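Please open the structure in your viewer and keep the sequence panel beside it. The stops below are meant to be selected one after another.

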Amino acid sequence: MVSIKQRHRGFTLLEVVVVLALVTSIVALTLFFSLDSYRQSARLAEVSTILTLLTTARAAAMNTVDGQAHGLRFTPSGYVVFTGASFTTSNPVSRIVTPAAYPLVLASSSPSEVVFTLLSGTTTAAVITFVDPQTSGSSSIRINSEGLIE
């Protein structure tokens with residue numbers, strides 16, 4: 001005899017909805033943390049670029065390249081390595097412009113340029129702080145009066 005009731009195997013709609021909700025939640029959390037991690041890595045890479053440019057400007061001043069002081073100017077769109085006592089009096093032809101790869105905002109208490117003196121590489125001691133407008137994270141670069149960049 002064949003039974004009229006047959007047992008169907010499979011998932012109910014409720015089970016499928018619950019699993020989809022769990023998977024969606026896990027994916028959303030993963031994307032959130034990945035994006036935050038990416039922004040932090042991008043900020044640190046940008047600070048590394050700034051450190052390299054500061055070191056380049058100091059080395060050029062100490063090695064008497066062009067027989068003048070060298071400095072780094074921070075602009076909203078990037079960074080400019082220049083030759084001379086200040087950015088405004090520097091020769092525009094000798095400026096090296098590096099566009100910012102990741103947007104950082106220079107803190108209002110930070111100097112807009114750092115100039116290293118000829119031969120000695122000394123400068124005015126400063127703390128340069130950059131704020132990430134997307135995450136409110138910040139990074140600081142310290143330069144002592146002898147020109148040591150930390």
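**Before selecting anything**

This is a predicted model, in which local features need pLDDT of at least 70 and side-chain atom pairs count only at pLDDT 80 or more, while totals for chains, interfaces and linings use all residues. Residues are numbered from 1 along each chain as its sequence is written, and side-chain values use heavy atoms, with hydrogens and water left out.

**Stop 1: the helix**

Select residues 13–62, which form helix α1; helices (H or I, at least four residues) and strands (E, at least two) are DSSP runs, numbered from the N terminus. Helix α1 has 50 residues and reaches 73 Å from its first C-alpha to its last, close to the 74 Å expected at 1.5 Å a residue, where the expected span is 1.5 Å times one less than the number of residues.

Now colour A42, R43, E46, V47, I50, L53, L54, A57, A60 and A61, which are buried in α1; buried means under 20% relative accessible area, exposed over 50%, and partly exposed in between, with a 1.4 Å probe and protein chains only. An α-helix has 3.6 residues a turn, so residues three or four places apart point the same way. The cover over the buried residues of α1 includes β1, β2, β3, β5, β6 and β7, with contact meaning heavy atoms within 4.5 Å.

**Stop 2: the sheet of four strands**

Select next the open sheet whose 4 strands follow the order β3-β2-β1-β5 with antiparallel pairing; two strands pair if DSSP finds at least two bridges between them. Neighbouring strands here are turned by 15° against each other on average, direction ignored; axes are lines fitted to C-alpha atoms, for helices over the stretch in contact, and angles run from 0 to 180 degrees between N-to-C directions.

Within this sheet, β1 (residues 70–75) and β2 (residues 78–83) run antiparallel and are joined by 6 bridges, and F74 has Y79 in β2 as its bridge partner. Bring the helix back into view: α1 lies across β1, β2, β3 and β5, running at about 150° to β1.

**Stop 3: the sheet of three strands**

Move to the other open sheet, in which 3 strands are ordered β4-β6-β7 with antiparallel pairing. Strands β4 (105–106) and β7 (138–143) are its edges, each pairing on one side only. Helix α1 packs on this sheet as well, touching β6 and β7, and its direction makes about 15° with that of β7.

Strand β4 is joined by 2 bridges to the antiparallel β6 (residues 126–131): V105 stands opposite V131, and L106 stands opposite F130. On the other pairing, β6 and β7 are antiparallel over 6 bridges, with I128 facing its bridge partner I141 in β7.

**Stop 4: positive phi angles**

Which residue in the turn of the hairpin formed by β6 and β7 has a positive phi? Select S136, where phi is about 65°, in a hairpin with 6 residues between its strands. S136 is exposed, with a relative accessible area of 63%.

Then go to D66, in the loop between α1 and β1, which has a positive phi of about 65° although it is not a glycine. At 54% relative accessibility, D66 counts as exposed. Just after α1, T64 takes a positive phi of about 50°.

**Stop 5: R43**

Finally, select R43 in helix α1, which is buried with a relative accessible area of 10%. What surrounds R43? Leaving aside residues up to four places away in sequence, R43 touches Y102, L104, D132, T135, G137, S138 and S139. Of these, T135 is 92 residues from R43 in sequence and 9.8 Å from it in space, C-alpha to C-alpha.

R43 has no salt bridge, and its nearest side chain of opposite charge, D132, is 4.4 Å away. A salt bridge is a side-chain nitrogen of Lys or Arg within 4 Å of a carboxyl oxygen of Asp or Glu; Lys and Arg count as positive and Asp and Glu as negative, while His and the chain ends are not counted.
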